[in-house]
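Subject: Handover of a structure

Dear colleague,

Here is the structure I said I would pass on. My notes on it follow below.

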Amino acid sequence: MTDSRVWKLPENAPSPADLAEAWSKIIAGALDLAAATAQRSLDPHVPQAYDPAAPARAFGEFSAHLWSNPVELFRAQQKAAADWMKLWGHAAARATGAEPEPAAAPERGDRRFSDPAWSEEPVFDYLKQAYLLTAQRALEMVDKAEGLDEGARTRVEFFTRQYLNAISPANFAFTNPEAIRRAIDTGSISLLSGLANLLADAAESGGLPRRRSGEDFELGVTIAATPGSVVYQNELMQLIQYAPSTDEVYRRPVLYVPPLVNKYYLLDLQPKSSLMRWLVEQGHTVFVISWVNPGPELADMDMADYIRLGPVAALDAIEQATGEREVDMFGFCMGGTLVGMALAWLAGKSEGDRVASATTIGSLFDFASLGQWSTFREPEQLRAMERHLLHKGFMGAQDLQALFSAVRANDLIWSSVVNHYLMDREAPPSDILSWFADGAHIPRAFLLGYAQQLLRDNRLKEGGGVVLDGVPLDLGAVKTPLLAISLKDDHVSAWQSTYDGARLFGGDVRFLLGGSGHNAGVINPPSANRHGFWVNDSMPETADEWFDGAEKRDGSWWPHWQAWLSQDGRAGKVKARVPGKGRLKAIEPAPGSYVRNRG
């Protein structure tokens, strides 16, 4: 008897050519990964940059705490049982066609569950709520553990978040409704291509997901494109002077000191959002330090070298280029910390008058409260970092990016996992993420000194606690007017901690709080008219008191800062200065060659 049924290909079945291409990419990726693994095995004794035993140690400490406090564990189990009863009741009600209130909902800004199926489809809605309830109770149990050492609590919370972020149902192909639809629509090509992407990333970076939108931006053309010239360089930095766009400029030049961990051009991304271009358009002569991307040959460059050959050398060069001894200096993140150290170094040498005003943005000077970052100043973590640095000579950009990505894992790791590996979907072009991927190394001596003296021992807040080239640094001796700018949602430098640090300075200190986060809050051109900011001319003892008395203003903080820079008579106007026309000649066009070195 003949079966009359005829087997047909599914409607969305991929063509043989598409399948062949997908499998060829997988094979090529596997070969590249094998070659990369073999290459890495040539030096198998490179110590890891971070202590791999830290999570086990943290959870072991927390487990011991729970065993000695069984009542806490019993209470947590009671709450979990009540949660599950509520969730089961919600699922049963939905089965009857009702629409009850959810047992758990994503936090504001959590985009993992934005697809409508997470709420509309009962199975995925159940998965989502079960995960969210588990995550909430796990974090609550850590947060409310009585008698737990605060350092241990911070470490346990950090690693618990990492675990919870990783096990989200959004991260798996068979529990993510969007990934399932994508696989059906493409006839599984999305999953095959995603596997090829995974193999390619593992071969190139060791596993950290890569965003593939960087090709949309080109240094000196679409980003870091403000016209100018390199007018000075030494072994640690190039000094860029931007070309004027006004006939007259303020007499005092402006010097920007960026952090070492990323390239300087966060503040010079696309022209529409470039703070550097905007300052030039307001009539400032702007100079920028572009740090070298160091290799092992610069392993012995320490904090003193970076102060002396960085901002201090820049001051000398600017005086040669413009004839002006005084500058307005500002820095972002670690760059702002370097500005504060440079001010103290100059004050210790009776040269504090060389800086007329200073501005720090998202910068720490008191490292007592680091939040989740204190996980990495645990003694075992610092010893692991030291072993790595002694072997390699520098902390690589990839290791630093992994650290910063872990702190915002859902945005910087798992969203890429979903897009690239589950759905084979390119990330939309992002200038800020392209900049983030263009990281820089930090030399051994600098990072060891910074980690041990500042992060671990918090010596910078103590007068004379840090000594550079024989000069004790005392922030209280700095009389330079200072504007400390912080960001309300900063995940790197909590604004309350930056406020405490600003009060260590001995001159006229003002504080400004911008909206948004560490990077996005800085890239806030007036034309965008967003985020807002808070001002308060007084500096009470605590950050909360300052905020209670602060005035909220709309729009960008840039114009407020620019008015503060040019408020006194010494900021009079002179004829515009053209890079290379002074005593310092142009070496090469901006953005220079140091920034192009990816190491």
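**Alanine 53**

Alanine 53 is partly exposed, at a relative accessible area of 36% (buried means under 20% relative accessible area, exposed over 50%, and partly exposed in between, with a 1.4 Å probe and protein chains only). The residue sits in the loop between α1 (16-40) and α2 (54-68); helices (H or I, at least four residues) and strands (E, at least two) are DSSP runs, numbered from the N terminus. From alanine 53 to valine 595 there are 542 residues in sequence and 35 Å in space, C-alpha to C-alpha.

**Basis**

This is a predicted model, in which local features need pLDDT of at least 70 and side-chain atom pairs count only at pLDDT 80 or more, while totals for chains, interfaces and linings use all residues. Residues are numbered from 1 along each chain as its sequence is written, and side-chain values use heavy atoms, with hydrogens and water left out.

**The chain as a whole**

The chain contains 19 helices and 17 strands. Its radius of gyration is 27 Å, close to the 25 Å that the globule rule gives for 599 residues, so the chain is as compact as a globular protein of that length. That radius is taken over C-alpha atoms, and the globule rule is 2.2 Å times the number of residues to the power 0.38. Along the principal axes, the C-alpha atoms fill a box of roughly 100 × 60 × 50 Å.

Of the 599 residues in the chain, 52% are buried. Among contacts (heavy atoms within 4.5 Å) with a separation of 6 or more, 80% are between residues 24 or more positions apart. The chain exposes about 27,100 Å², and carbon and sulfur atoms supply 53% of that area; accessible areas come from the Shrake-Rupley method with a 1.4 Å probe, and for residues only the protein chains shown count as cover.

There are 58 positive and 74 negative charges in the chain, and their mean positions are 2 Å apart. Lys and Arg count as positive and Asp and Glu as negative, with His and the chain ends not counted; each charge is placed at NZ of Lys, CZ of Arg, CG of Asp or CD of Glu.

**The eleven-stranded sheet**

Eleven strands form an open sheet with mixed pairing, in the order β15-β14-β13-β12-β7-β6-β4-β5-β2-β1-β17. β15 (551-553) and β17 stand at the edges with a single partner strand each, so one side of each is left without a neighbour in the sheet. Two strands pair if DSSP finds at least two bridges between them.

A hairpin of three residues joins β1 to β2, and glutamine 233 stands opposite glutamine 238 in β2.

**Helix α16**

Which residues of α16 (residues 444-456) are buried? They are Arg444, Phe446, Leu447, Leu448, Gly449, Tyr450, Ala451, Gln453 and Leu454. These buried residues pack against the helices α10 (303-322), α11 (334-348) and α12 (379-392), and against the strands β8 (394-395), β9 (442-443) and β10 (466-468). Asparagine 458, which follows α16, has a positive phi near 55 degrees.

**Loops and backbone**

Aspartate 508 lies in the loop between α17 (495-502) and β13 (509-514). Its relative accessibility of 42% makes aspartate 508 partly exposed. Leaving out residues up to four places away in sequence, aspartate 508 touches Thr480, Pro481 and Leu482. Glycine 393 is 115 residues from aspartate 508 in sequence and 40 Å from it in space, C-alpha to C-alpha.

The loop between β13 and β14 holds serine 516 and asparagine 529. Serine 516 is not a glycine, yet has a positive phi of about 75 degrees; asparagine 529, also not a glycine, has a positive phi of about 50 degrees. Serine 516 is buried at 18% relative accessible area, whereas asparagine 529 is exposed at 56%.

In the segment after β17 lies proline 591. The peptide bond from alanine 590 to proline 591 is cis, with omega near 10 degrees.

Regards
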